[in-house]
Amino acid sequence: MESTRRTQTLTNRTGSQRSSNRNDPPIIIFDEDDVDDGVNSCSRSLVGKILTEKPIHTNSLQSALAGIWCHPKGLRVEEIANRTFQFFFNDDREATRILNGTPWLFRNSWLIMRRWERGMDIGSIDFSLVPVQVQIWGLPAHCKTIKMGYKIGGCLGEVKTAELFEIRDRGSFLKLRINLDASNPLKAGIHVGSKSDGVHWVDFEYEGLPQFCYSCGKIGHEEDFCHNTTNKEDTDPEAKPLGPWMRASQFGRRLILQSNDNPCNNQRGTHSKKSREVPAEVLELFSTLTVSKEAEEDAAQPEPNKENCPEKTQEKELLGSEPDSALNQDAVPVSCNSEKSYQGRKLVSAAFF
């Protein structure tokens with residue numbers, strides 16, 4: 001209330017505003033026309049944060065991302081906070097394309113993008129939710145269903161999609177698209193089970209996973225720089241629950257499930273061959289076609305004598321009086337090859353002309 005009363009004390013026509021207290025700094029009031037250019041420029045920009053503890057140089061970041069993003073026109077990068085940057089573009093379509101591709105990898109670290117909004121507080125922007133694709137391995141064949149994918153993925157975050165994929169020589173697996181909370185430790189897997197099937201351990205493999213700590217599971221730093229671990233003694237890497245095996249090295253291909261949602265019925269995702277039905281409009285069009293009078297007259301004319309064919313006569317003049325058996329069969333013109341070709345041309349002319 002005190003600040004409101006101060007701003008309402010004195011106002012002059014030039015837009016300058018002062019409080020009654022001479023010690024208070026002046027307040028400049030601006031109009032929308034004064035910031036139109038800036039608002040238009042920022043409306044085509046994105047705000048992004050790199051999840052890392054390493055120092056980032058703006059020039060290096062801009063040069064690297066320009067190549068990754070296929071050199072969008074007018075790309076300009078400004079650092080607005082610690083490891084937080086604003087990316088400007090000339091075309092809003094470029095900004096949308098890059099926003100849809102988040103997260104991006106820069107020096108093995110995630111770059112999380114958000115759309116710029118007027119009045120947004122840079123310090124309060126939530127960069128923790130990241131769209132990630134997670135592979136689920138180790139499920140029995142009859143458990144590889146879409147419903148199971150949504151149920152298992154609920155322990156990682158909000159599940160957007162769940163599909164069945166396959167990698168040659170490894171078999172089929174469920175792939176989930178999840179809004180992962182990058183502020184939480186990564187999970188290597190989870191136990192699933194039922195009364196009928198018992199308990200099974202399933203592994204999680206993350207696609208496009210950046211550097212993360214094998215001790216605490218947090219994204220953004222490596223194990224050597226971890227401040228959360230209590231035991232830094234060297235141990236066998238294979239004995240640790242977290243490790244590089246959590247990175248998915250293959251992405252697989254999508255399988256098509258049948259209506260009963262059973263992957264065993266269609267492991268290869270083959271399509272049944274069905275004859276295509278001819279549209280009614282095409283049938284009606286063909287029913288209106290008629291044979292023209294010129295085509296009827298051409299069909300009534302006698303068939304030409306193959307011996308009098310112009311190409312054949314020209315060939316005999318060039319070769320002299322050699323018998324037909326001595327002619328090179330490969331040089332016979334196609335137009336005099338057979339009666340069927342001539343009849344076929346007449347039928348085509350009658351049907352379409």
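Analyst: Cys226 sits in the loop between strand 12 (198-206) and strand 13 (253-254). Strands (E, at least two residues) and helices (H or I, at least four) are DSSP runs, numbered from the N terminus. The relative accessible area of Cys226 is 1%, so the residue is buried. Buried means under 20%, exposed over 50% and partly exposed in between, with a 1.4 Å probe and protein chains only. Cys213 lies 13 residues away along the chain, and the two C-alpha atoms are 6.9 Å apart.

This is a predicted model, in which local features need pLDDT of at least 70, side-chain atom pairs count only at pLDDT 80 or more, and totals for chains, interfaces and linings use all residues. Residues are numbered from 1 along each chain as its sequence is written, and side-chain values use heavy atoms, leaving out hydrogens and water.

Now the confidence. pLDDT is the predictor's confidence in each residue, from 0 to 100. The protein has a mean of 78, with 65% of its residues at 70 or more. Helix 1 (residues 2-7) is lowest, at a mean of 42, while strand 5 (residues 84-88) is highest, at 97. Residues 1-19 fall below 50, and this stretch has 23 contacts (heavy atoms within 4.5 Å) beyond near neighbours in sequence. Residues 344-353 are also below 50, with 10 such contacts. Where pLDDT is low, the predicted coordinates should not be read in detail.

Strand 5 pairs with strand 4 (residues 76-81) in the antiparallel sense over 5 bridges. Pairing requires at least two DSSP bridges. Val77 has Phe87 of strand 5 as its bridge partner. The hairpin has 2 residues between these strands, and Arg83 takes a positive phi near 60 degrees.
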